[in-house]
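Here are my notes for you, point by point. Keep the model open while you read.

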Amino acid sequence: MALPVSLHASTTPQELEFVAGYDMIEIMPSVQTDRIRVLSGTYGPLDALRTTKVPLWMALHLKARKKCRIVSPPWLTVDYLQDRLSEETSEKAFSLLPFRYAEIAKLLLDSAAEDIESADKIRLILKDIHEARQAKSREGLHQINDVNLRPQLKLWGQVRNICALELNDIRPSFVKSMDILIKLSPQTQQSYEEEDTFRDWSMGDDSYPVAADSTMDTEW
């Protein structure tokens, strides 16, 4: 099924999962091998008596061939995620989670659910966490208007613990909103043009300063 037009400016879910596949994760091998050399690095050796860290994509590859058991990350537990969910619903700030928690969790739950304790319950908690964080992201967008554009941009620059999934969700709306706000606010547009001009000039452009165009181009 084709992606909606609103998501064309964003990274696709499959692309996010691909990038998350390079995060390191622990496995318990069931075979013994020498070091494994691939383009991204050298991993191993694999020893059936001890855990080792490999990229997530390699762990899933070995898991599919019944050559390892994946060690669940310490944050992928009911207790830890339930605490994060409580923080999400009781505090304005985002709770602390790995930057690619959603993609990693989905890959593990899809391909190695038997290695994750209480996998079904974790799925439900992750869905609630995603919805709570998505609501906070949208609320931040709603607070941006022509009157307080710059203060809100400064506030967004200080956001802590926002993750890849939230950034990807808000990118199309944020870019479009910024484009419209800058066009509707002559003062803001002029200020952005002046900043872009000074930046180009200060970086060593031999030509005279010329005003730049300020127009800015998951399911569980």
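**Notes on the model**

1. Start with a helix pair: helix 1 (residues 13-20) packs against helix 4 at an angle of about 85°, and their axes are 9 Å apart. Axes here are lines fitted to C-alpha atoms, for helices over the stretch in contact, with angles running from 0 to 180 degrees between N-to-C directions. Helix 1 and helix 4 are therefore roughly perpendicular (65 to 115 degrees; under 35 is roughly parallel, over 145 roughly antiparallel, and the rest oblique).

2. Who touches whom? Helix 1 brings L16, E17 and A20, while helix 4 brings E103, I104, K106 and L107 (contact means heavy atoms within 4.5 Å). By type, that contact has 4 nonpolar, no polar and 3 charged residues. Nonpolar covers Ala, Val, Leu, Ile, Met, Phe, Trp, Tyr, Cys and Pro, charged covers Asp, Glu, Lys and Arg, and the others, Gly among them, are polar.

3. A word on where this comes from: it is a predicted model, in which local features need pLDDT of at least 70, side-chain atom pairs count only at pLDDT 80 or more, and totals for chains, interfaces and linings use all residues. Residues are numbered from 1 along each chain as its sequence is written, and side-chain values use heavy atoms, leaving out hydrogens and water.

4. Now zoom out. The chain has 8 helices and 5 strands, in the order α-β-β-β-β-α-β-α-α-α-α-α-α. These are DSSP runs numbered from the N terminus: helices are H or I with at least four residues, strands E with at least two. Of the 220 residues, 36% count as buried (under 20% relative accessible area; exposed is over 50%, partly exposed in between, with a 1.4 Å probe and protein chains only).

5. The largest nonpolar core has 35 residues, and I70, L76 and L108 have the most contacts inside it. Such a core is a set of buried Ala, Val, Leu, Ile, Met, Phe, Trp, Tyr and Cys residues joined through side-chain atoms within 4.5 Å. Helix 4 gives the largest share, 7 residues. Leaving aside neighbours within four places in sequence, L76 is in contact with L81, A105, L108, I116, I122 and L126.

6. Last, the rings. The whole structure holds 1 aromatic pair: F18 and Y22 have ring centres 5.7 Å apart and planes at 75°, so the pair is edge-to-face. Rings of Phe, Tyr and Trp (its six-membered ring) pair if their centres lie within 6.5 Å; planes over 60 degrees apart are edge-to-face, under 30 stacked, and the rest tilted. F18 is exposed at 55% relative accessible area, and Y22 is partly exposed at 44%.
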